[in-house]
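Hi,

Here is the structure I promised to pass on. Have a look at it first, then read my notes below with the viewer open.

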Amino acid sequence: MLLDERSAALLILLQHSPISKMSDLEIQTGLTRRQIQYAIGKANDWLEFNSYSTIQFNRQKGYFLTQPINEEALNVKMTKNTYTFSEKERENLFYLMILLGREELSVYHFQSITGLSRNTVLTDLRQLKKKTQQLDLTLEYSKQKGYVISGDSLAKRYAVEYLVSEVFSNPNNRAIVECLWKDDEQQIKAIKVQLEQIEQKLGVTFTDERLNELSYLFLCTDLLIRRGEGLQNDDSWNQLVATDEYRMVEQLAETSAFQAHWSQTEKQYATLHLLSMNRTKDLSPLKEDETIQVLLQQIVEEFERLAFVHLQDKELLYEQLYIHFKPAYHRLKYGLPQVNPITGRVQKVYPELHHLVRKTLQMLERKLGKAVPEDEVAYFTIHFGGWLRRQGTALDDRKRAIVVCPNGVGISNILIYTLRELFPDILFLDVLSVRSAANYQLPYDLVFSTVHMRTDALLFVVPPILEVQEKHLLRQQVMQELYGYTTGNIDAGSLLKIIAKYATIHNATELETALQSNLYSPSRKQTKFSLKEAEKPVLGELLTLQTIQLHPSAASWQQAIQSAAQPLVESGTVEERYVEAMIDSIEANGPYVVITPGVAIPHARPEQGVNSLSMSLLKLEEPVEFAADKPVQLIIVLAASDSDSHLRALIQLTQLLNEPANIKRMLEIADKTELMEFIHENSKEETQ
């Protein structure tokens, strides 16, 4: 009676504790209900055949074993003679057997190990041939040499790394290990002893799994060197020679644990793996590693910004993240593969958190110039999730929202910035175009959109830039819809009447405006986010005498945009195609850039021709029609080079345009210098 991969994994899972529900089993195994039922049947057959009690179920306890099986006994039963390899396991096994090439291999060898038919083995080998092509390797067969894999030695080495990692991330790996390395047990023990001594000297403790995996990887390295499969020199590894880890590897390679002569390149390769190996303890001080320290701070700050949370005990958090991030940094920098066996489960159980962490790590991708694989993202998700749980912050309790904006990072970013401040208890997942929202995969409860759209979620249609009273009304609407109540509605006009009864009012209009501003604005706190904003350009640095123009009129809205953008084109901060992109966007989506009566902020995406952050303003004496009911006299071109460097200036501009009196005054001013001074003077408040 044979066990297969699923039934063996199920037995190992139930060895540790009962599982109360089928849904829990689905989450923990990643299998469907039908697959689990089949695996239970298969496991019960195996248990009966080996004189054990079968898996039981009752409502109080769930699924459980009445007679726990000794784990070692279970492993012994799961040898290559009593275990049915899955298709994936056969692929990994055949791949490693051929790469390590200890003997000439034919179909007979693969049949002998797996007990499968010739046709099944040949089908597996055809699939493997396709797999090898992903790394530009070639699987070939000849009567003289049997099955061999040819190609670049470094690509082969990466394949071995990945396969070893896959084998040891599989809890049912005993049968594969037996097939591949049964005769190498003594050498494996010797390598482990050497690695444990290195742990002590470096003041680190590798995770048990990784120490085991590293031992087998170094064994494979020794085998490949003996076969003449040495690596070519890689100049990017030369800096590793100066590390303590390299010095340790030099000593390691001279011990009796290894049989081949290791070149400097091979020692650098081994050093890289020592540096990139996951650990549970690292006594090296974070402060001495400036590169890692700066990146860690940036990652944490970006996560706090996107999730709108404050992470506590920051120094302790950095220390714990450092233990994970130091090896991860080397893996990412040098492109080493890393298999995370619980990536799928993390994605399934914590989809929102994983999504936010993935977005957070985009800044790391830009720094390294390389993508961060999902397996690495999942590790970060686990760390951030654990820290949030430690401090009692639960993101999954929050309502989830998306923001839909037809185009451009400028307006959409100022909108989500405003919404995050207005609703700190809502988790904002993404800013999307209408088309992207239609295909969005993550679940969400609310949509804040600048246009009407079809959705099953709660929809709030909002203007691109919210005035003070609109913010207040929106908050009332959202609170009513979500929680069935609103906070007290204090009317500024009524308050003004009460004040007039007991005091003399010298300017009723300005007093009412001041009351509205205070009553409807959420309380402002100086946070590290606001301090961070202080480093970004202000409006006064972008709107200067060189970028402000006064024209009598424009023949059309297209010409108005072209004229408004002309100073930016001439200075080289935008290309001609950016002007065309702004016009194309309005023709496709309508006059959404008219953000308040009389004012338009045309913009497009950074990749459509922005060379650097810039802004320009055109004031027309005669309004130009952006649509039948959309006359515009102020055209402010926004050229954002990224997603957030323009936010501070845009917030100041928003504050300026929120006051109708400011717009009225800007239209009255006939001198360019005076207009610039008015803008600068009335946009300072936000930075104070």
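Let's start with helix α19, whose buried residues pack against α11 (208-226), α14 (290-307), α15 (314-334), α16 (343-349) and α17 (351-360). Before you go further, keep in mind that this is a predicted model.

Which residues of α19 are buried? They are Asp375, Glu376, Val377, Ala378, Tyr379, Phe380, Thr381, Phe384, Gly385, Trp387 and Leu388. The helix itself covers residues 374-390, which is 17 residues. From the first C-alpha to the last, α19 reaches 24 Å, close to the 24 Å expected at 1.5 Å a residue. If you step just past the end of α19, you'll find Gly392, which has a positive phi of about 80 degrees.

Now zoom out for a moment. There are 31 helices and 17 strands in the chain, and its C-alpha trace spans about 95 × 60 × 50 Å along the principal axes. Of the 688 residues, 50% are buried. Take the contacts with a separation of 6 or more: 72% of them are between residues 24 or more positions apart.

Next up is a sheet. Five strands form an open sheet in the order β13-β16-β17-β15-β14, and the pairing is mixed. Its edges are β13 (548-551) and β14 (594-596); each has a single partner strand, so one side of each has no neighbour in the sheet. On average, neighbouring strands here are turned by 25 degrees against each other, ignoring direction. A helix, α29, packs on this sheet and touches β14, β15, β16 (614-625) and β17 (631-639). The direction of α29 makes about 165 degrees with that of β17.

Val594 has Ala600 in β15 as its bridge partner.

Last, follow α29 to its other contact. How do α29 (residues 647-658) and α30 (residues 660-668) pack? Their axes are 5 Å apart and meet at an angle of about 90 degrees, which makes α29 roughly perpendicular to α30. On the α29 side the contact is made by Gln655, Leu656, Leu657 and Asn658, and on the α30 side by Pro660, Asn662, Ile663 and Met666. Sorted by class, that contact has five nonpolar residues, three polar ones and no charged ones.

Happy browsing!

Note on methods: Residues are numbered from 1 along each chain as its sequence is written. This is a predicted model: local features need pLDDT of at least 70, side-chain atom pairs count only at pLDDT 80 or more; totals for chains, interfaces and linings use all residues. Side-chain values use heavy atoms; hydrogens and water are left out. Axes are lines fitted to C-alpha atoms, for helices over the stretch in contact, and angles run from 0 to 180 degrees between N-to-C directions. Helices (H or I, at least four residues) and strands (E, at least two) are DSSP runs, numbered from the N terminus. Angles under 35 degrees count as roughly parallel, over 145 as roughly antiparallel, 65 to 115 as roughly perpendicular and the rest as oblique. Contact means heavy atoms within 4.5 Å. Ala, Val, Leu, Ile, Met, Phe, Trp, Tyr, Cys and Pro count as nonpolar, Asp, Glu, Lys and Arg as charged, and the others, Gly among them, as polar. Two strands pair if DSSP finds at least two bridges between them. The expected span of a helix is 1.5 Å times one less than its number of residues. Buried means under 20% relative accessible area, exposed over 50%, partly exposed in between (1.4 Å probe, protein chains only).
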